Amino acid sequence: MGPRRFHPLLMILPVIVAVLFGRVLPTWTLSLATIAASNALVALGIVVLARTGNVSFGQGLFFAAGGYGVALVANGTGITDAVLQMLIGAVCGGLLGLVIGPLIARYSGIFFGMLTLALSMVFYGALVKTTLLGGSDGFNVGRPSLFGLNFTDTREADFMLYAVAVVTTGLAAIAAVFLFRSEFGLASLAVRENNLRVEYLGLSANRIITTNFVIAATFAGASGAFALMAQRHIDPQFAYWTTSGEFVFVAVLAGYQSVSAVFVASLALELVRSFSNLYLPNTWQLALGVFLLAVILFLPRGIGSLWTRERRKRTGLPAEAPAAAEEGAPT
Amino acid sequence: MNFFLTIVLDGLIEASWLFIVALGLTLVFGVLKILNVAHGSFYALGAYIAATTVTIVAAHSLPPAAGFVAMLISVALIASIVGLLLERGLLKMFYGRDEVVLLLVTYAVFLILEDTTKLIWGVNPIYATQPYELFGNVEFAGLYYVGYDLMLIPAAALIGTAVWYGLNRTIIGKIVLAVIHNEEMSVSMGVRVNRVYAAAFAFGVLLAALAGALTAPKISMQPGLSSDVIILSFAIVVIGGLGSVEGAAVGALLVGLARATSVHLMPQAELFVIYLIMAAVLMFRPEGLFKRETARRI
C-alpha cells in the first residue's frame, strides 16, 4: 500500500554491506556482533509471535533445545559445518515447537507467557539434573568449520561465524517481512485484535498461533546453534528465565515495528552490556535496567519508532491508519 | 509413618514462608494488574536488611529477641517506604500501557535491585543466625524440629487470616475489592484509586520483605536469592490463580509439599516437579485453581 513500502528483497543489500563491514571490525566487536545477530533472531521470532498478541517468556526453551541438539549431534557424529549446525538447531527448535505449539495455542495473554516460562523452567530443571549432559556445568564442543574449510586463525573463524549469523538472520528477516505482508500475516494481526471474529470468518485462530509459534521456535533453535558455536560451550543457563527475559527485552526495545529495529536493539543491548561490563563490572545489570526503563519511558514504541515515524512524515501518509495495521503490538 | 510426617512438616514450613511471598505477589497483581518480576528482589531486600539489623543488635550485646523484633520493625519500615517510592515514583508513569510493558518495567527494577543489593551487601554469603535459636527445639511425635521453623507455620496462618479478614470484612478491604473488580466504577463512586494502588503495592512489597526477614535466620543471603524466590512464587500464584488469596494458600501448600516430597524422595527433581505441577494445572485450568472464568471478548 503506497510508496512507503519497499520490496523485501532490497534488504539483501544491507545484509551484504553488514557482512563486508565485518572485515574491518575489530575482533572484539566481531564476536559481539555475532551474538547480537543471533539474539536478534530469537527476538525476531518473538516479534512474529507477538503479532498474534502472545508474548513468549520461554524462548530460552527452544534456544537451549537448538543448542543442546547441535552440541549432541556435533559430539556424536563430528559434524562441524556452521551452516549444517544452524540447520540442525533450527530443526530441533522447530520440532519442539511443533510438539508444544498446539498445546499452548489455547492460552492467551499473561497465561501464555507464564506457561511458556514454566515449560522453559521445566527444561532448565531437567538439564541441571542430567549428569549425562554435564549437569549445571554443561559441556564443550569443537570449533565450527564451513563447507569443509577449517579455520585455524581465530580472527578468520570469528569472521566466518559472524558472516553466517548475519546472513541467516538477514534471510530470516526478509522471510519475516514477506510473512507479515502475506494473507497469513494479516490474519495473525486479526487474531491479536479479536480471535473470536477470526474464527467466525472461517479461519482457525489456534492454527495461526501454532504456526507463528513454530516459526518463533525455529528461529530460537537456530539462534541457540549460533550461541553454541560462538561460545563452544553449552550449559543449562541457555534455558533459564533471565535468558528468555533478555530476548523479550530486545523485542520490546525494538518496538515490534520494523524488522531492522530488532537488529539495532539487539546490537544496542550487547553494546550497553559489554561497555558496562568493562567500565561498571559490578553494576552492569543496574545499567541495563536503567537503559530499559529509559527506552520504555522515552521511546514507548521502541527504537524502531525513531525512523518509521520519520518515513511517514516524508511520504506524507497519514500516520495512524496504515501504520496501525502494520504494527505488531498494542500501543 | 515418621517419614511421612517429616515430609508433611517440612512441606508446611516451606509452604508457610512461600505463602507470605506469594500473597504479596497475588495482591499486587489483583489490584494493579502487574505481574511483578521484582517481587523476589523485595524478598531478598527484606532478608538482607534483617541480617544487618540482627548483626547490629547482636553487636550491642542485646538479647536475640530484641534482634528479632528490631528486624521485623526495620524491614516493615524500609519495605513500606521502598514500595511507596517505587509505585509513586516509577510504576505510576506506566499505567495504561500493555501488561507486557509493565512486566518489563518490573524486570528492569529487578535488574537494578539485584545490583543494588550487591553494591550494599557484597557478593559473599551473609548470615543472621542469632534469632534462629529463639524458640528452642521442639520434639514432635519423636521428631526434633527447630522451634523457629515450626513458628513460621502459625505466623503464615496468622498473616493469611489477617489479610483475608481485612479484605472481606473491613471497609478498606471492600474498597480494595471494588478496585480489583472494576476500577472505573470505583473511581466514579469516589474511591481514590491512586491511593489504593500505592497502598496495595507497598503492602505487597512489605509481605515479600517480611517473608525475607522471617526466613533470614534460616538461610544464607547471597546473590541469586531473588531469582529463585520469584520463580517459586510465580509458580504458586499461577497454580492458585492470579489475584486470589485462597489460591496463593493452596498453591503454596502444593508447592511446599511437592518440594519437600521431592527433596526427600528424589532430590534431583526439585525444581522440575514444581513446574510440572504448574504446567499440569495450566493445562486443565488455565486460569488457575481459584480464578473465576471471565467472558471472552467479542
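Predicted model: local features only at pLDDT ≥ 70, side-chain atom pairs only at ≥ 80, totals over all residues.

Analyst: Residues are numbered from 1 along each chain as its sequence is written, while chains are lettered from A and ligands numbered from 1 in the order in which they are written.

User: How many helices and strands does chain B have?

Analyst: Helices (H or I, at least four residues) and strands (E, at least two) are DSSP runs, numbered from the N terminus. From that end, chain B runs α-α-α-α-β-β-α-α-α-α-α-α-α. The count is 11 helices and 2 strands.

User: What is the radius of gyration of chain B?

Analyst: This radius is taken over C-alpha atoms, and the globule rule is 2.2 Å times the number of residues to the power 0.38. For 298 residues the rule gives 19 Å, and chain B is close to that, so it is as compact as a globular protein of that length. Its radius of gyration is 19 Å.

User: Are H2(B) and H3(B) parallel or oblique to each other?

Analyst: Axes are lines fitted to C-alpha atoms, for helices over the stretch in contact, and angles run from 0 to 180 degrees between N-to-C directions. The axes of H2(B) (residues 39-59) and H3(B) (residues 64-89) come within 8 Å and cross at roughly 140°. Angles under 35 degrees count as roughly parallel, over 145 as roughly antiparallel, 65 to 115 as roughly perpendicular and the rest as oblique. H2(B) and H3(B) are therefore oblique.

User: How are H2(A) and H9(A) oriented to each other?

Analyst: H2(A) covers residues 27-50 and H9(A) residues 205-231. Their axes are 7 Å apart, at an angle of about 170°. The two helices are therefore roughly antiparallel.

User: Which element gives the largest share of the side of chain A that touches chain B?

Analyst: Two residues are in contact if their C-beta atoms, placed from the backbone, lie within 7 Å. The contact takes 34 residues from chain A and 36 from chain B. On the chain A side, the elements that give two or more residues are H5 (109-129), H10 (241-254) and H12 (284-298). The largest share, 11 residues, comes from H5(A).

User: How many residues on that side of chain A are charged?

Analyst: Ala, Val, Leu, Ile, Met, Phe, Trp, Tyr, Cys and Pro count as nonpolar, Asp, Glu, Lys and Arg as charged, and the others, Gly among them, as polar. The side of chain A that touches chain B has 25 nonpolar and 8 polar residues. The number of charged residues there is 1.
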